[in-house]
Amino acid sequence: MSQSVTLICTTLPIVRMTLAQKPLIVGRSSQCDVVLNDPTVSRRHARVTRTGEFVIIEDLGSSNGTFVGPERVRKADARHGDLVRFGQVEFEVVAADSFDGSGKDTIRPTPALLAGITPEAELSEAQRRVFEMLFTECTEKEIAQRLGLSRHTVHNHVKVIFRIFNVHSRTELLAAALRSKKAGRTKPGK
């Protein structure tokens, strides 16, 4: 099983950095490897380097700081589940492993990524697990294989989830979930 490390923006989970062996420069400048167009991010804010399952975060003299957890750092290690912040833009370090030999990386959502967006009271345990997998790149067939469910059961859970959030696609679900999280709600539409 191949192992990789990805940083996923917690405020917008579709923004992600998958780390290879080459260090990435994060900043506001178009010359950076990862451009974060946010006023709290410096032009050349930080260097992010993968070393095995860990990530080395190194501040490059930014104005608003680089943080691992709550601590401002000049250079620090981060691992799966750690929160890393460049200015006010926060990412979560997520380990990804190869799924079913397809070569497709499957991101395992973590509590910080999904905090505040799962309508717990309205979903069964099985539906909640399908809900979490909808934020990965897995197809419904792959979700069924991963969770040990039939494709039809997964499809029915997806229909219920879409009905609860009043959406018709994963893209709309992501947008609704992010609006819900930003507003601090756990139930959609309130």
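This is a predicted model: local features need pLDDT of at least 70, side-chain atom pairs count only at pLDDT 80 or more; totals for chains, interfaces and linings use all residues.

Reader: What angle do the axes of α3 and α4 cross at?

Author: Roughly 110°, and the axes come within 8 Å. Helix α3 covers residues 140-147 and helix α4 covers residues 151-165. Angles of 65 to 115 degrees count as roughly perpendicular, and α3 and α4 are therefore roughly perpendicular to each other.

Reader: Left-handed or right-handed crossing?

Author: α3 passes α4 in a right-handed crossing. On the α3 side the contact is made by E140, K141, I143 and A144. From α4 come R151, V154, H155 and V158. By class, that contact has four nonpolar, three charged and one polar residue.

Reader: Which residues in α3 are buried?

Author: E142, I143, A144 and L147. I143 and A144 are also among the residues that contact α4.

Reader: And what happens just after α3?

Author: G148 takes a positive phi there, about 70°.

Reader: Okay, strands. How many bridges join β5 to β6?

Author: Six, and the two strands run antiparallel. β6 is residues 54-59, and A46 stands opposite D59 in that strand. The hairpin of β5 and β6 has two residues between the strands, and G52 takes a positive phi near 65° in the hairpin.

Reader: What about β3 and β5, how many bridges there?

Author: Three bridges join β3, residues 24-27, to β5, residues 46-51, and this pair runs antiparallel.

Reader: Which residue is the bridge partner of I25 in β5?

Author: R47.

Definitions and conventions: Residues are numbered from 1 along each chain as its sequence is written. Side-chain values use heavy atoms; hydrogens and water are left out. Axes are lines fitted to C-alpha atoms, for helices over the stretch in contact, and angles run from 0 to 180 degrees between N-to-C directions. Helices (H or I, at least four residues) and strands (E, at least two) are DSSP runs, numbered from the N terminus. Angles under 35 degrees count as roughly parallel, over 145 as roughly antiparallel, 65 to 115 as roughly perpendicular and the rest as oblique. A crossing is left-handed if the near helix is turned anticlockwise from the far one by less than a right angle, and right-handed if clockwise. Contact means heavy atoms within 4.5 Å. Ala, Val, Leu, Ile, Met, Phe, Trp, Tyr, Cys and Pro count as nonpolar, Asp, Glu, Lys and Arg as charged, and the others, Gly among them, as polar. Buried means under 20% relative accessible area, exposed over 50%, partly exposed in between (1.4 Å probe, protein chains only). Two strands pair if DSSP finds at least two bridges between them.
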